[in-house]
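Please read it alongside the sequence and coordinates.

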Amino acid sequence: MKIKDITNLIEYYAPLHLQEEWDNAGVQVGNPEAEVTGALLCTDATEAVVAETIERGYNLVISHHPLIFHALKKIMGRTPVERTVAMAIKHDVTIYCAHTNMDNAWLGVSWRMADKLGMTNVQCLDPHPVETYGSSNQSVAGCGVIGDIAPQPALAVLEQVKQAFEVGAVRYSGDTNQEIGRVALCGGAGAFLMPAAIEQGAQLYISADMRYHDFLENNQRILIADIGHYESEHYTKEIFLEIIQKKYPNFAVAFAKDETNQVQYL
């Protein structure tokens, strides 16, 4: 089996045409035609992750975030990205990512977040029509979801959010003297979807990378919770695993042990 057999499988569920125009999803480093020996799954492809891949005898890293966002004019080991690329090339490791194509895909990143919260009646928050794709024959894609939870006091819901996403701290702003039953969320940096969440009647919006003014300008209209970028997306590895194991149950695939959140809390 070739590396492209694994990456094509992921792209069946999250085609590259679903990615945003500024993104760089797909093969980052390596040869898709090479025979695949195993895949390590992660959120970020780092030197430690590539080293673990080599140690396991695998030759494929599948990450959510792209290793390479901007053009590399030189590879001299001056930055973590350059060192990771050099290590992968030296040891014939292919690095592949599924980023905003997986964010926008049906049952993608935000859908997994909704599942962690036990949300029901889940729908895409910002849907747009696309070319039909995937086993569900979908013709809709888009970031974020909106749905329902059993109504609870706001602070209890925020505590549930903290536990569900293994968050060291939740940054929040807005009215906590209410019951929350309608929730919208988006994995990663999702401030741009706040107007859609408000318009569709969400009482709580969960995302990451909120600026001070994102809170200030919207907290009278909706309760806002920033749970951290990594915390909102690290379950993407579970999606990769399920896609691969459903088709190839005996294929060597694992979560990276040496992956850690690059942002720590004191």
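## Surroundings of Asn59

In this predicted model, Asn59 is in contact with Ile3, Glu35, Val36, Thr37, Gly38, Thr53, Asp92, Val93 and Thr94, leaving aside its neighbours within four places in sequence. The residue sits in the loop between helix 2 (47-56) and strand 3. Its relative accessibility is 11%, so Asn59 counts as buried, the cut-off being under 20%.

Strands of a sheet pair through backbone hydrogen bonds, in either a parallel or an antiparallel sense. Strand 3 and strand 4 (residues 94-97) take the parallel sense, over 4 bridges. Ile62 stands opposite Tyr96 of strand 4.

## Aromatic pairs

The structure holds 4 aromatic pairs. One of them joins Trp22 and Phe69, with 6.4 Å centre to centre and 35 degrees between the planes, and is tilted. Trp22 is in the loop between helix 1 (3-13) and strand 1 (26-29), while Phe69 is in the loop between strand 3 (60-63) and helix 3 (80-90), so this pair ties together parts that are 47 residues apart in sequence. Trp22 counts as exposed because its relative accessibility is 52%, and Phe69 counts as partly exposed at 39%.

Another of the pairs consists of Trp106 and Trp111. Their ring centres are 4.6 Å apart and the planes are at 45 degrees, so this pair is tilted. Planes under 30 degrees apart would count as stacked, and over 60 as edge-to-face. Trp106 counts as partly exposed, at 31% relative accessibility, whereas Trp111 counts as buried, at 13%.

## A charge over a ring

Which residue lies over the face of Phe255? Lys237 does, at 6.0 Å from the ring centre.

How values were computed
Residues are numbered from 1 along each chain as its sequence is written. This is a predicted model: local features need pLDDT of at least 70, side-chain atom pairs count only at pLDDT 80 or more; totals for chains, interfaces and linings use all residues. Side-chain values use heavy atoms; hydrogens and water are left out. Rings of Phe, Tyr and Trp (its six-membered ring) pair if their centres lie within 6.5 Å; planes under 30 degrees apart count as stacked, over 60 as edge-to-face and the rest as tilted. Helices (H or I, at least four residues) and strands (E, at least two) are DSSP runs, numbered from the N terminus. Buried means under 20% relative accessible area, exposed over 50%, partly exposed in between (1.4 Å probe, protein chains only). A charge sits over a ring if NZ of Lys or CZ of Arg is within 6 Å of the ring centre and within 35 degrees of the ring normal. Two strands pair if DSSP finds at least two bridges between them. Contact means heavy atoms within 4.5 Å.
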